Amino acid sequence: MADPSPLLSRCCTAEPPAPPTKQHHPSLDDTIEHCLGDFGWKYILQAILVSFAWFFDAQQAFISVFTDAEPKWTCNIGNQSSCDPCQLSGADFSWTSAANASIISEWSLQCAGSVLKGLPASAFFLGCLVGGFAFATLADSALGRKKSLIVSSLLMSIAAVMTAFSTNIWMYTALRFVSGFGRATIGTSALVLSTEMVGKKWRESMGIAGFICFTIGFLSLPGLAFSLQGSSWRLIYLWTSVPSVVYSFLLFFLVGESPRWLFIKGRKVEFAETLRSIAPPTNRSTLTQSFFGRCTAWEDATTQQEPNVFATAKMLLEKGWSCRRLVAVSVIAFGIGMIYYGMPLGLGNLSFNLYVSMTLNAVSEFPASFVTFMLIGKFNRKESVLILTLLSGICSVGCVVVRWKGMQIGLELVSFFCACTAFDVVLIYTLELFPTCVRNSAVSMVRQALVFGGALTPMLVAAGRKNGFVSYGVFGVAIAVCSVSVVFLPETRGRVLCDTFEEEECRDNAVIGA
């Protein structure tokens, strides 16, 4: 009789290879590894194309730095130093750049309060929070990885195109909220899909590829804004959103669904066809229907679709071990979010040139991704996260204690670099902590924790203008305290990915028993 539990064998034992009679039913991980081999251009290129979603994600996240900027102006009458544009008519002062270069100058918001000026950016991040909770489980349940990514990307892109035709601040704010709502799960869906469509050898590399694409997208904005200097802010939205719309359609035609997701949903034909389509030509001839019939036991897979799209969130919270893991890793992400978003926002509180320091912060994301790429396979996840977050916290507090501006910016950059690297590691760590059936939902919730931490930083930055410890000091203490949660997480480096809760529990029990 065939082995009734083939999926559990890989996770439940550390013994030598199973007897020949059991090799007819290898685990899902073994099946995918056999189909994909060590290298295949087709699945590598598809994974890179999926990772490029991070490029457009970063552009929409930081675009308001240029479109919502307050431009400089000159006084046409009297003393320049005592001139106040709020007390003058439109003819008595003039903008140094085109009047339509920013929403502030085009809609005459120069005398509006800080709340109104910052409302569009706040609406975007509020949309990210709401969209994150709304879309969190769809990629694990109804839509799948590919459709979830396409829907999110299209919603963000189309809203951004419409934003370019806004006629007032309220329409602009509403469309920024919609764009943020769509953007919420792009990074998560891209990360999960790109890592699930490659073999174990390339999984970590594809995870880092997304972070690199995000950094490139962020750095592309200054160049684009500079080339459009003197033109309307609307062109920046069009130049970033129209290519993103085209990219969304390319995903539909050129990228396949995650084989792992298809397997756990019991979609046998699509599972086999997807693996055949991305397998190297040398392996493709062996991937017959009989091969798939004897290498997987579908009756033991989690194949039933849940009608409730929030079923995966319920599954995460019902299991004690998964709930503890989710809380612990979310707490860590919350602390990292305070540094990641708070540091750039608070640069004006330091005695250093704002533009130079912003550029250095953006560039520092490159070495963070590179370090993660080089070291992710060599160091344990727990120790890496703990060391990086503690170092980030210490340097953040040091920015308040040290008065020499050269040392200040040096400590700030080290703190920001460590936070960026820590979050890259935490995302990959989260991928490995949860089984396929809830992996996308778990990563989405962890990213929401990062955004939530960042949402609290503007108030601290404002208060920190009078007392530096309220901003950088609190950021440092928060990330250091949150980092302690890593001690409640298991180590995952080098372990195979499990696909169901039963596999994960069986593997954990085997580790405890050993």
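Author: The lining of the largest cavity divides into nine nonpolar, two polar and five charged residues. Here Ala, Val, Leu, Ile, Met, Phe, Trp, Tyr, Cys and Pro count as nonpolar, Asp, Glu, Lys and Arg as charged, and the others, Gly among them, as polar. This is a predicted model: local features need pLDDT of at least 70, side-chain atom pairs count only at pLDDT 80 or more, and totals for chains, interfaces and linings use all residues. Residues are numbered from 1 along each chain as its sequence is written, and side-chain values use heavy atoms, with hydrogens and water left out.

Reader: Which residues lie nearest the centre of the largest cavity?

Author: Phe214, Tyr340, Glu365, Phe423 and Asp424, out of 16 lining residues. A cavity is a set of points on a 1 Å grid over the protein atoms alone where a 1.4 Å probe fits but cannot get out; lining residues have an atom within 4 Å of a point.

Reader: And which elements give two or more residues to that lining?

Author: α4, α11 (200–227), α18 (320–345), α20 (365–375), α22 (405–433) and α23 (439–455). Helices are DSSP runs (H or I, at least four residues), numbered from the N terminus.

Reader: What volume does the largest cavity have?

Author: About 170 Å³. Volume is the space filled by probe spheres set on the points, with grid points joined across faces, edges and corners. The whole structure has five cavities of 30 Å³ or more.

Reader: Switching to packing. At what angle do α4 and α12 pack?

Author: About 150°, with axes 10 Å apart; α4 is residues 53–62 and α12 is residues 233–254. Axes are lines fitted to C-alpha atoms, for helices over the stretch in contact, and angles run from 0 to 180 degrees between N-to-C directions. The two are therefore roughly antiparallel (over 145 degrees).

Reader: Which residues of α4 and α12 meet?

Author: Ala53, Phe56, Gln59 and Gln60 in α4 meet Tyr237, Thr240, Ser241, Pro243, Ser244 and Tyr247 in α12. Contact means heavy atoms within 4.5 Å. By class, that contact has five nonpolar, five polar and no charged residues.

Reader: How do the axes of α3 and α12 cross?

Author: At roughly 155°, coming within 10 Å. α3 and α12 are therefore roughly antiparallel too. Gln46, Leu49 and Val50 of α3 touch Tyr247, Leu251 and Leu254 of α12. That contact divides into five nonpolar, one polar and no charged.

Reader: What about α3 with α10?

Author: The axes of α3 (residues 41–51) and α10 (residues 186–196) come within 8 Å and cross at roughly 170°. Ala47, Val50 and Ser51 of α3 contact Ala190, Leu193 and Ser194 of α10.

Conventions
Angles under 35 degrees count as roughly parallel, over 145 as roughly antiparallel, 65 to 115 as roughly perpendicular and the rest as oblique. On a 1 Å grid over the protein atoms alone, a cavity is a set of points where a 1.4 Å probe fits but cannot get out, and a pocket is an open set with protein on both sides within 12 Å along at least five of seven lines; lining residues have an atom within 4 Å of a point.
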